[in-house]
Amino acid sequence: MGLKILMAASECVPFAKEGGLADVVGVLPKHLARMGHDVRVVMPRYYRVGLEQYGLKLLPGVLTVPMGIIGNQYCGVYEGRLPGSDVPVYFLEHEGYYGRAGLYEVNNEGFLDNDNRFIFLSKAALELPKMIGFTPDLIHAHDWHTAAVPVLVNTAYAADPQVGEKPTVLTVHNMQYQGNFYEGAMDVLDVGWEHFTFLGLEKDGEMNLLKGGLYHATVLNTVSEGYAREMQTAEYGWGLDGVVRERAADLYGILNGVDYEDWNPETDPHIAACYSIDDLAGKKLCKRDLQRTFGLPERDDVPIIGLVSRLVKQKGIDVLAEAMPRIMALDVQFIMLGAGEPWSHFYFGDIRNAYPDKFGFHVGYNNPLAHQIEAGADFFLMPSAFEPCGLNQMYSLRYGTLPIVRATGGLDDSVDNFNEKTLDGTGFKFRDLNAGALFDTVGWAVHTWYQRKDAMAELISNAMTRRFTWEDAAEKYEKLYHRALRKRLGERAYTQRYGKQ
Ligand code: ADP
Ligand code: GLC
């Protein structure tokens, strides 16, 4: 039986993206729709979302959103579709909150009104069903930006005929970002100060939206089984591990899939030459092309290590910085694409100046270039401090570019370590987060490339045949939705309504 699902998020490909969250919200609904579910996505209409570019249409009427002490706020709603599907996406138009460059910050400083901006998103998502005449079976929220949704459904909106007390799913893509604000923001959320407690929205004297969501959602999940375990520990829980442990019985890990229509070396329009597992000739051309693009010596006889990432501590960039001089002493080429913490732009810029024949660096966000690095490199480095899922290692496997990863979260779940005896495996892993372990593992991979061509061929073939499909992931989400429904409705009502699932 098809479910009616309302999905609320702050990012969605292709409209607005900062990280992998956008990939998930842009692809999962399409697969759920193919399975017969009626999914509707709601998100802000950021300034960068072009109305004409996506053919967005303004719906008649205005949403009234009660913002507590601020009073009512009003917004228009544009409707569009997820490209290549019929999935409706509703864009909330509020000039004051979203009419600016940037999703969350400017010059590395979070916007000072992010509390209001995302409380508004959460409330408007719950007002939207009235306007569009849609009564969801359940509501799916993502990360702190919409973590207020499960709280509101259980409190301020409990009596709402369309969304009140509906089952909610909260997907945590990252425990580090929690949406913690000055306690006065409780008067904007307006669910009653009795929820500002240790067993509610209060953390260290602040209002913490993620904490509220973790308590109130009917079921929780994160984007790998590994991270579902890790987020219950002090090392990875960012102070909320205790809350997650309390909810452990309702917590699931579902590994993200890959959009293989977009990430496929056999058809990729961004790369110099297409290739497949049966004919890797094109990959050599891609390597040459990449060397040319970055002005490095055009050599076949040297391995290229690629890295595409937000340049932040989560991604282990500080540890890489420490290992860099030793890596540069090897006969390798290294190509890096990313933007993030300002120090990293300077530091890796200096590395480029010191090793112009070995190190290529492009500061910025560039999707075609990301594809070219996946295709042209021999190895792909992800030394993350933590990684709930990670997408690039999965892309790398498909492109026959062996991942070198820290064994954490989704990286550990999706990459199998090279076994020198059996030649099993799809990449190279290290456990300790330090420059020595990182360098040793890069050295191991580089040594394998130079000395064990037989093993390299085996590993590349293993990697290119691995698949992480959205079909699999979407089926798991469907099961999760039914768990939420069963839990919220009770066994009897659930079976009456949805039958035996
Ligand atoms: P996160 O969401 O933590 O940043 P993920 O691995 O889940 O990590 O997703 C990152 C996504 O953003 C991938 O699709 C990756 O290719 C893309 N990406 C990151 N930085 C860049 C960049 N500088 N240029 C192009 N794409 C990038
Ligand atoms: C977050 C995580 C990343 C994950 C992505 C999508 O940004 O940092 O590991 O892949 O969400 O779930």
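## Contacts of ligand 2

In this predicted model, an N or O atom in the side chain of Gln-314 sits 3.0 Å from an oxygen atom of ligand 2. A polar contact here is a pair of N or O atoms within 3.5 Å.

## The shell around ligand 2

Residues count as near when one of their heavy atoms lies within 4 Å. Those around ligand 2 include Leu-21, His-173, Asn-256, Gln-314 and Glu-387. The shell holds five nonpolar, six polar and one charged residue, with Gly counted among the polar ones.

Where does ligand 2 lie relative to domain 1 and domain 2? Domain 1 (4-257 + 470-498) and domain 2 (281-465) each contribute residues to the shell, so ligand 2 lies between them. These bounds come from an automatic or database domain assignment.

Strands are DSSP runs (E, at least two residues), numbered from the N terminus. Strand S16 (residues 304-311) has seven of its eight residues buried, so it is largely enclosed by the rest of the structure. Buried means under 20% relative accessible area (1.4 Å probe, protein chains only).

S16 runs parallel to strand S17 (residues 333-340), and eight bridges join the two; strands pair if DSSP finds at least two bridges between them. Ser-309 stands opposite Gly-338 in S17.

## Reading the model

Residues are numbered from 1 along each chain as its sequence is written, while chains are lettered from A and ligands numbered from 1 in the order in which they are written. Local features need pLDDT of at least 70, side-chain atom pairs count only at pLDDT 80 or more, and totals for chains, interfaces and linings use all residues, with side-chain values using heavy atoms and leaving out hydrogens and water.

Key. Polar contact = N/O pair within 3.5 Å; in protein donor to acceptor, adjacent residues only side chain to side chain. Buried < 20%, exposed > 50% of the residue type's maximum accessible area, 1.4 Å probe, protein only. Helix = DSSP H or I, 4+ residues; strand = E, 2+ residues; numbered from the N terminus.
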